[in-house]
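Reader: Hi! I'm new to this one, could you walk me through it?
Author: Happy to. Let's bring it up and start from a single residue.

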Amino acid sequence: MQDELSLKKKAEEALKKSAVYGEDFNLDDYEIASKGTKITKDLTSLSDEDQKTLLNVGIVPNEENRSGTFVMLNNAVSHTSVKQDDAVELMSIQDALKRYDWVKDYSWKLVKPDADKYTATTYLQNADGYFIRAPAGKKSTMPVQTCLLIGSKDVSQTVHNIIVVEEGAQLDVITGCSTKTGVEKGLHLGISEIYVKKGATLNFTMIHNWAEQIGVRPRTVVHVEEDGTYINNYVSLKPVRSIQTYPTVLLEGKGAFTRLNSIGVAHPGSELDLGSKVIFNAPDTKAELISRTITTGGKVIARGEMIGNANGVKGHLECHGLVLSSEGTQRAIPILEANVEDIELSHEAAVGRIAREQIEYLMARGLTEEEAVGMIVRGFLDVGIQGIPDELKASIDETIAKIGEKAL
């Protein structure tokens, strides 16, 4: 009880502080979203418009080729279903805390409630979210899909998620975040704590497709044990007011590995502060951080940080940015820190426009200028993300085509 009171007091103090960097959203401008909603048993019963919203962030309404589905509307769980209940457990955080006493040992341990005012708000709201557990040795053949959806105007969505992939297990997760049609302004606060146990593998893909006046403040920390693998893909291609995402991966066991891919497009009026951080706390750990960003008139900050605290560590950081408008800005901030002798950390950063020679080369082979630019952009953004539905691929291709048109 004393610990809870202490955390609550710290969180209340954090609420009074301004954001350390980036746009400082005034929380008083947003009403806490409702925790009450109608349960949707069958996602295919939703309107065509709502189903399209789900598809555009990788969520398949008929749940084909998915092992489980979780949908949160505003601050309430509206749908949960599991097909492979022997390979994966999926439920709300609040239900998990009631079912398993040990879940509290994973809750608010990686992300501190007083990290900033956004984490503090989520903690003080006792936020719900998804709990996913892959039991030891189990390997799910299909991904779990989750969706965090803002359905009301001028509200803040507070979400707390926990994923536990136990020893030797393998799990794929596709999570999509979006807004319902007509919701233009809002704030998303998403806290995620992820645990990858010894010899386990987690492939985690997050697709963001927000409205133009949405502020997005996810806070994620990942703990990876011996010989564990964590792969993260992050994609945001549509206009949004402000995104600030900087997941931290703690490599805590010998031989642990992580790869984080970040893909973002900053449209006019958008500010994307993207990146990732890896802390190597165990020997022979490895990491790859890859960032691909484009500005068509918005602001991009691409961050990447690697801190080596153990021998035998290897890490590479790659930040590439394209500037397709004189109104846009690109900033790459690579940080490497070595605190031991036997370590290899490297980085490669480049920002600039598409080389005219590349366009002319493709045009000489029969492509129009627009087709050439589109092909270059598509290749630039392709980091090999698997498991997304055809409808989302089509939406991505449409976005890339529009980007190519603006680049001419």
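Reader: Where does V144 lie?
Author: V144 lies in strand 6, which covers residues 144-150. Keep in mind that this is a predicted model.

Reader: Is V144 buried or exposed?
Author: V144 is buried, because its relative accessible area is 0% and anything under 20% counts as buried.

Reader: And which residues does V144 touch?
Author: Leaving out residues up to four places away in sequence, V144 touches S67, G68, V88, L90, I132, L171, D172, V173 and I174. There is also a C-alpha separation to look at: V144 and E63 are 81 residues apart along the chain, and their C-alpha atoms are separated by 9.5 Å.

Reader: L171 was on that list. What does L171 touch?
Author: With residues up to four places away in sequence again not counted, L171 touches V88, I132, A134, V144, I163, V165, T201, L202 and N203. L171 is also among the residues with the most contacts inside the largest nonpolar core, along with I132, I163, L202 and Y230.

Reader: How many residues does that largest core have?
Author: The largest nonpolar core has 55 residues. Apart from it lies another core, of 28 residues, and L43, I263, L324 and I376 are among them.

Reader: I263, okay. In which strand is I263 a bridge partner?
Author: In strand 15, where I263 is the bridge partner of V235. Strand 15 spans residues 257-266 and is mostly covered, with nine of its ten residues buried.

Reader: What does strand 15 pair with?
Author: One partner is strand 12 (residues 229-236), in the parallel sense over eight bridges. Another is strand 17 (residues 286-295), also in the parallel sense, over ten bridges. As a spot to look for, V265 stands opposite I294 in strand 17.

Reader: Which way do side chains point in a strand?
Author: In a regular strand they alternate between the two faces of the sheet.

Reader: Switching to charges: how many salt bridges are there?
Author: The structure holds 16 salt bridges. Side chains of opposite charge can pair when their charged atoms come close.

Reader: Can you show me one? What does D101 pair with?
Author: D101 forms a salt bridge with K104, and the closest N and O atoms are 2.6 Å apart. D101 counts as exposed because its relative accessibility is 58%, whereas K104 is partly exposed, with a relative accessible area of 42%.

Reader: Which salt bridge links distant parts of the chain?
Author: One of them is K254 with D284, at 3.9 Å from N to O. K254 is in the loop between strand 14 (248-251) and strand 15, while D284 is in the loop between strand 16 (271-280) and strand 17, 30 residues apart. K254 counts as partly exposed at 47% relative accessibility, and D284 counts as partly exposed at 33%.

Reader: Now the rings. How many aromatic pairs does the count come to?
Author: The count comes to seven aromatic pairs. One of them is W102 with Y106, an edge-to-face pair at 5.8 Å centre to centre and 80° between the planes. W102 counts as partly exposed at 29% relative accessibility, while Y106 counts as buried at 17%.

Reader: And why is the pair of W108 and Y123 edge-to-face?
Author: Because their planes are at 90°, with the ring centres 5.3 Å apart. This pair links distant parts of the chain: W108 is in the loop between helix 3 (93-99) and helix 4 (117-124), and Y123 is in helix 4, 15 residues apart. Both W108 and Y123 are buried.

Reader: Which residues form an aromatic cluster?
Author: Y100, W102, Y106, F131 and Y195 form one cluster.

Reader: Last one: which charges sit over rings?
Author: K185 lies over the face of Y30, at 5.5 Å from the ring centre. The charged end of R365 sits over the ring of Y361, 3.8 Å from its centre.

Technical notes: Residues numbered from 1 in each chain as written. Predicted model: local features only at pLDDT ≥ 70, side-chain atom pairs only at ≥ 80, totals over all residues. Heavy atoms only, no water. Phe/Tyr/Trp six-rings, centres within 6.5 Å; stacked < 30°, edge-to-face > 60°. Buried < 20%, exposed > 50% of the residue type's maximum accessible area, 1.4 Å probe, protein only. Helix = DSSP H or I, 4+ residues; strand = E, 2+ residues; numbered from the N terminus. Lys NZ or Arg CZ within 6 Å of the ring centre and 35° of its normal. Core = buried A, V, L, I, M, F, W, Y, C linked by side-chain atoms within 4.5 Å. Contact = heavy atoms within 4.5 Å. Pairing = 2+ DSSP bridges. Salt bridge = Lys/Arg side-chain N within 4 Å of Asp/Glu carboxyl O.
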